[in-house]
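Biologist: I would like to learn how to read a model of this kind with some care. Could you show me the structure and take me through its features one at a time?

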Amino acid sequence: KSDSLYKAVCIHCYSGTMSYLQFLLSVQVVLAVMLIVGYKTKLASIASWILYLSLTLRNTWLNFILDRYFHYLLFYSMFLPLDGAHAIDAKKYKYDYRETFISPGTVALKLLITWLYWDAGYGKYSDPLQGWTLNAKPLPALDTYVRHTVVARIMYGLLGPTGLRLMTPTVVYAEMFCAPVALLGSLFGSKRLLYSTVIG
């Protein structure tokens, strides 16, 4: 049984027809394009977050950790100057592209991204099935991940099962420690430290 708040927030539950859901998907695509090109980004980020929330409420059994991360990123994007540079709407600002823009929103976003990576790495580290360890049985988790896309299958072909088994634990530690080190590089203005963690 659904409560009144759920019924109000879940726009995707207003109708179950294919044409209605296609319409909502089309709106979400248009909003995503607006965010990409930097047009009316405040409106686009708010509407995108509302529609993404509605979509995930439509079937909560299909929500995964990535959906939670998207919620956070879309929520914080409402407070960021996404139209401040390299955007269609940037012409309304007097902005020097050589300067670094700092606001509470940009600081919160950096902290959020650092936490997202650490959280993902820690989730793998604390996996009760130990799928992200060197001795994972029967297959390391990374081995199962790289069977789904063309690029991943090429990587599988290059590294082979042994290479993927050796690489699996490094994903955990890279996720847990690269983002915090990159944040420190950003804080202290060390481009070398920042770029080395991004490349790593």
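Modeller: Let us start with one side chain: tryptophan 132 is buried, with a relative accessible area of 9%, where buried means under 20% relative accessible area, exposed means over 50%, and partly exposed lies in between (1.4 Å probe, protein chains only). This is a predicted model, in which local features need pLDDT of at least 70 and side-chain atom pairs count only at pLDDT 80 or more, while totals for chains, interfaces and linings use all residues. Residues are numbered from 1 along each chain as its sequence is written, and side-chain values use heavy atoms, with hydrogens and water left out.

Biologist: Where does tryptophan 132 lie, and with which residues is tryptophan 132 in contact, leaving aside its neighbours within four places in sequence?

Modeller: Contact means heavy atoms within 4.5 Å. Tryptophan 132 sits in the loop between α5 and α6, and, with neighbours within four places in sequence left aside, its contacts are Lys124, Asp127, Ala141, Leu142, Tyr145, Thr168, Pro169, Val171 and Val172. Tryptophan 132 and arginine 165 are 33 residues apart in sequence, yet their C-alpha atoms are 8.8 Å apart in space.

Biologist: What does pLDDT tell me, and where in the protein is confidence lowest and highest?

Modeller: The pLDDT is the predictor's confidence in each residue, from 0 to 100, and where it is low, the predicted coordinates should not be read in detail. The protein has a mean pLDDT of 84, with 94% of its residues at 70 or more; confidence is lowest in helix α6 (residues 141–145), at a mean of 77, and highest in helix α2 (residues 18–37), at 94.

Biologist: How many helices and strands does the protein have?

Modeller: Helices (H or I, at least four residues) and strands (E, at least two) are DSSP runs, numbered from the N terminus. The protein has eight helices and zero strands, and its C-alpha trace spans about 50 × 50 × 30 Å along the principal axes. Of its 200 residues, 30% count as buried.

Biologist: Is threonine 114, in helix α5, buried or exposed?

Modeller: Threonine 114 counts as buried, at 12% relative accessibility. Its place is in helix α5 (residues 104–125), and, leaving aside neighbours within four places in sequence, threonine 114 is in contact with Ala179, Pro180 and Leu183.

Biologist: How should I read aromatic pairs, and how many are there?

Modeller: A pair of aromatic rings is described by the distance of the centres and the angle of the planes. Rings of Phe, Tyr and Trp (its six-membered ring) pair if their centres lie within 6.5 Å, and planes under 30 degrees apart count as stacked, over 60 as edge-to-face and the rest as tilted. By this rule the count comes to nine aromatic pairs. Phenylalanine 75 and tyrosine 76 form one that is edge-to-face, 6.0 Å centre to centre with 85° between the planes. The rings of phenylalanine 75 and phenylalanine 79 have centres 5.4 Å apart and planes at 65°, so this pair is also edge-to-face. Phenylalanine 75 itself is partly exposed, with a relative accessible area of 33%. Elsewhere, ring pairs link Trp118, Tyr122, Tyr125, Tyr173 and Phe177 into a cluster.
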